[in-house]
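Please read it with the model on screen.

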Amino acid sequence: WIVIGLERAGVGIPDVEAYYKEVVKFVRAEINDKEQLHRSKSTENSRVILALTALGYDVTDVDGHNLLVGLTDMNYVTKQGPNGAIWALIAFDSHDYEIPAGGDVTREALIQAILADQFADGGWAMSGSKADPDMTAMAIQALAPYYSTNDTVKAAVDKALNTLSEIQNDDGTFGSVDGACSESCAQVIVALTALGIDPTEDARFIKNGISVVDALRTFYVEGGGFKHIMSGELNGMASEQSYYGLAAYFRFKEGKNSLYDMTDVTIKVENPEIPDTTNEVAAENVDKLINAIGNVTLDSENAIKAARAAYDALTAEQKALVKNYAVLTAAEAKLAELKQAAGQDPSDPTDPSDPTDPDKPQTKVEITEGGITTVPDSLKDAGFDTPEEVKQEMVEAIIEKNKEIDQKNVAHYAVTLMYSVDG
């Protein structure tokens, strides 16, 4: 998102080619055969499309992948509720992209999906039945291009604007669960400017002489950046959204295209070829596991076994790129020596009751009761609708990156994983 903000503000990012290389690496690692970058969050495709479009890259040929195709399944796109449809429509409209054939997604279908999620009070939200300023503003952003040509859209947006005006705080701010916050103010600014409304002059969005732009400035942190709430400190997400909110206002005042209307960007005829470093990355990850073993003690067994398992899983070509394989074999020899000195049989496998044995069949994963029972607001914004989705995401991430782990604190929520042999 900061890339979008910097590019649309006319500042730009320092090394565009390096950023594109990182995007290609991400695409290679995450994309599936349906051209989707995440199993359930279509917004992953949408945000990458927006960032690359802002930079002028061809989103239909990112290392041979057409990222637009990943947004052509309506069931997939709407899996995130209104969030998915909103950002898919914004992505397609960012450069008047033609929606690839073969799926059931159309602009009209996306519009209808967004309108169907509007609450009776005129707003939108990821959950509940009351308008949330962030989601309401985002829905307006998506519908803005159709405001003057679609009467149904116009009526819905007008109702939403009235709702935003009503829920604006007396100090000009907007907010939800955490109270007044910078991100909500930024999203409203983006929405208003997308409709050609000046947020510093429209009386509906000025309270006690304070506009939403004035309100956003109060979250600024000296030295650069913004805080999430007034009592908080410098915050990355708050800084990103506040920055592109101000970029949207700047573009409006300069008479330029709105933030997400990137038809003013020239798309490259051909994206650069990026060498495939998959083998190098795989070998590097194993080197890191080997380095993590450190000084060998009896407690090093799990780390050694994890490094060995990772090495054995490599292809022959990847194994040849591992730089410190000798360190691994030396660690294995040292462990065997220590086990023998301690009266243990070096050839004995780890106790089968040990839940951290990476070689044990991992047929079942559970999260203890009392874990995640609600979806935190920050994760709602990321597209998670239910506690089950949050749990599954954590489980998959932990198993993928730490097969030897049995307990982990993830994103400040305690999670316990239980590996069961018998299921």
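1. In which loop does G232 lie? G232 sits in the loop between strand 5 (226-227) and strand 6 (234-235). The model is predicted, and G232 counts as partly exposed there, at 27% relative accessibility. Look also at F219. G232 and F219 are 13 residues apart in sequence. In space they are 9.0 Å apart, C-alpha to C-alpha.

2. Next, confidence. The protein chain averages a pLDDT of 86. At least 70 is the score of 82% of the residues. Two stretches need care. Over residues 350-370, pLDDT stays under 50. The model has 44 contacts beyond four places in sequence for residues 350-370. Over residues 403-423, pLDDT also stays under 50. For residues 403-423 the model has 54 contacts beyond four places in sequence. Where pLDDT is low, predicted coordinates should not be read in detail.

3. Now the overall picture. The protein chain has 423 residues, and 47% of them are buried. It contains 17 helices and 8 strands. Take the contacts between residues at least 6 apart in sequence: 66% of these join residues at least 24 apart. The accessible surface of the chain comes to about 20,400 Å². Carbon and sulfur atoms account for 50% of that surface.

4. How many disulfides does a search of the whole structure find? The search finds 0. C181 and C185 show the reasoning. C181 is buried, with a relative accessible area of 5%. C185 is buried as well, at 0%.

5. Helix 5 deserves a look. The helix covers residues 82-93, which makes 12 residues. From first C-alpha to last, helix 5 reaches 17 Å, close to the 16 Å expected at 1.5 Å a residue. Is helix 5 mostly covered or mostly uncovered? Mostly covered: 12 of its 12 residues are buried. Among them are P82, W87, F92 and D93.

6. Follow the chain on from helix 5. D96 is found in the loop between helix 5 and helix 6 (107-116). Its phi is near 50°, a positive value in a residue other than glycine. D96 is exposed, with a relative accessible area of 59%.

7. N208 is another residue to check for backbone angle. Its phi is positive, about 55°, although N208 is not a glycine. N208 has its place in the loop between strand 3 (206-207) and strand 4 (210-211). With a relative accessible area of 65%, N208 is exposed.

8. Then the aromatic rings. The structure holds 6 aromatic pairs. Y220 and F226 form an edge-to-face pair, 5.5 Å centre to centre and with 75° between the planes. Is Y220 buried, partly exposed or exposed? Y220 counts as partly exposed, at 39% relative accessibility. F226 counts as buried, at 8%. Elsewhere, W1, W87, Y244 and Y260 form one aromatic cluster. W87 is also one of the buried residues of helix 5.

9. Last, helix 13. This helix runs over residues 301-312 and has 12 residues. Helix 13 reaches 16 Å from its first C-alpha to its last, close to the 16 Å expected at 1.5 Å a residue. Which residues of helix 13 are buried? They are E301, I304, K305, A306, A307, R308 and Y311. An α-helix has 3.6 residues a turn, so residues three or four places apart point the same way. The buried residues of helix 13 include E301, I304, R308 and Y311. What do the buried residues of helix 13 pack against? Their partners are helix 12 (278-291), helix 14 (316-319) and helix 15 (325-341).

How values were computed. Residues are numbered from 1 along each chain as its sequence is written. This is a predicted model: local features need pLDDT of at least 70, side-chain atom pairs count only at pLDDT 80 or more; totals for chains, interfaces and linings use all residues. Side-chain values use heavy atoms; hydrogens and water are left out. pLDDT is the predictor's confidence in each residue, from 0 to 100. Contact means heavy atoms within 4.5 Å. A disulfide is a pair of cysteine sulfur atoms within 2.5 Å. Buried means under 20% relative accessible area, exposed over 50%, partly exposed in between (1.4 Å probe, protein chains only). Helices (H or I, at least four residues) and strands (E, at least two) are DSSP runs, numbered from the N terminus. Accessible areas come from the Shrake-Rupley method with a 1.4 Å probe; for residues, only the protein chains shown count as cover. The expected span of a helix is 1.5 Å times one less than its number of residues. Rings of Phe, Tyr and Trp (its six-membered ring) pair if their centres lie within 6.5 Å; planes under 30 degrees apart count as stacked, over 60 as edge-to-face and the rest as tilted.
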